[in-house]
Amino acid sequence: MKHLRNFFYFGFEQARSCVFPVIIFLSLALTKFIEIPFIARYDLILLICVITQILLVIFKYETADEVKVIFVFHLIGLALELYKVHMGSWSYPENAVTKIYGVPLYSGFMYASVASYMCQAWRRFDLKLNSWPPSWIVIILGAAIYFNFYTHHFIFDVRWVLKLTILFVFLKTFVSFTVNKTIYQMPLALSFILIGFFIWIAENIATFFGAWAYPNQEQTWEIVHIGKISSWLLLVIVSFMIVAELKHVKNNRKPSSEISI
């Protein structure tokens, strides 16, 4: 009975951590069917994202340090969007004032919302990472994952090499989290896979509501190829690495075997 209560408590806290992503999805859904005069859809979504971010800070739903992390993700995500749209990986077909080289500025908030979720879940569940690898390994591996999103258009795609490296590097790493004063733990690699899967589901919802479109979706919506889980998995991993290392710095370089908020 205790674990059942904890399960519902876990779901409730997860929902609280997902406020920013949920607002973005609601914005995508509502603006798909409700047109607001004198403002383009992408511009309206950007306005909603900015107002949401301000309100989350005002009502202390997010801390100042978390906003800094979210801003970093916004820039990283926007840079990736600019490159991927330029390479034809996907597109944003609607017109907007706040589009730069075919990319609406709200797109950066989609990456920022993932960071928002990670930061809030980390705080609410008091995440701790046991047997975390040395920082220099994490930084090099994270950089290799991120830049492979760029370089695979020109040279060999090494994502499978990176995945095998990830399994080796994080083989002994476990994440512990507290749910209603009860501590649970699981392999970090399993948590990566679960998060990547749920983001793939979210991606299907987002493309259905026209957040962006892959080449095969420009005429008629189709389910996002299952192979995209692979890309999202790597993106989740590099995102988690960044958050973990920033928390590591904040905690004044505590021993790398344990990192906590």
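Two strands are said to pair if DSSP finds at least two bridges between them. In this predicted model, strand β4, covering residues 174–179, and strand β5, covering residues 182–187, meet that condition with six bridges and run in the antiparallel sense. Within this pairing, phenylalanine 174 is placed opposite proline 187 of β5.

The hairpin that β4 and β5 form has two residues between the strands, and in it asparagine 180 adopts a positive phi near 55°.

## Overall fold

The chain contains nine helices and six strands. Its radius of gyration is 19 Å, close to the 18 Å that the globule rule gives for 261 residues, so the chain is as compact as a globular protein of that length. The C-alpha trace spans about 50 × 45 × 35 Å along its principal axes.

When contacts in the chain between residues at least 6 apart in sequence are considered, 73% of them join residues at least 24 apart.

## Nonpolar core and surface

Of the 261 residues in the chain, 48% are buried. In soluble globular proteins, nonpolar side chains tend to be buried together. Here the largest nonpolar core has 68 residues, and Ile145 and Phe240 are those with the most contacts inside it. Leaving aside residues up to four places away in sequence, phenylalanine 240 touches Met118, Trp122, Leu127, Leu129 and Trp132, and also Leu188 and Phe192.

As for the surface, the chain exposes about 14000 Å², of which carbon and sulfur atoms supply 74%.

Conventions: Residues numbered from 1 in each chain as written. Predicted model: local features only at pLDDT ≥ 70, side-chain atom pairs only at ≥ 80, totals over all residues. Heavy atoms only, no water. Core = buried A, V, L, I, M, F, W, Y, C linked by side-chain atoms within 4.5 Å. Buried < 20%, exposed > 50% of the residue type's maximum accessible area, 1.4 Å probe, protein only. Contact = heavy atoms within 4.5 Å. Helix = DSSP H or I, 4+ residues; strand = E, 2+ residues; numbered from the N terminus. Rg over C-alpha atoms; globule rule 2.2 N^0.38 Å. Areas by Shrake-Rupley, 256 points an atom, 1.4 Å probe, with all protein chains shown as cover.
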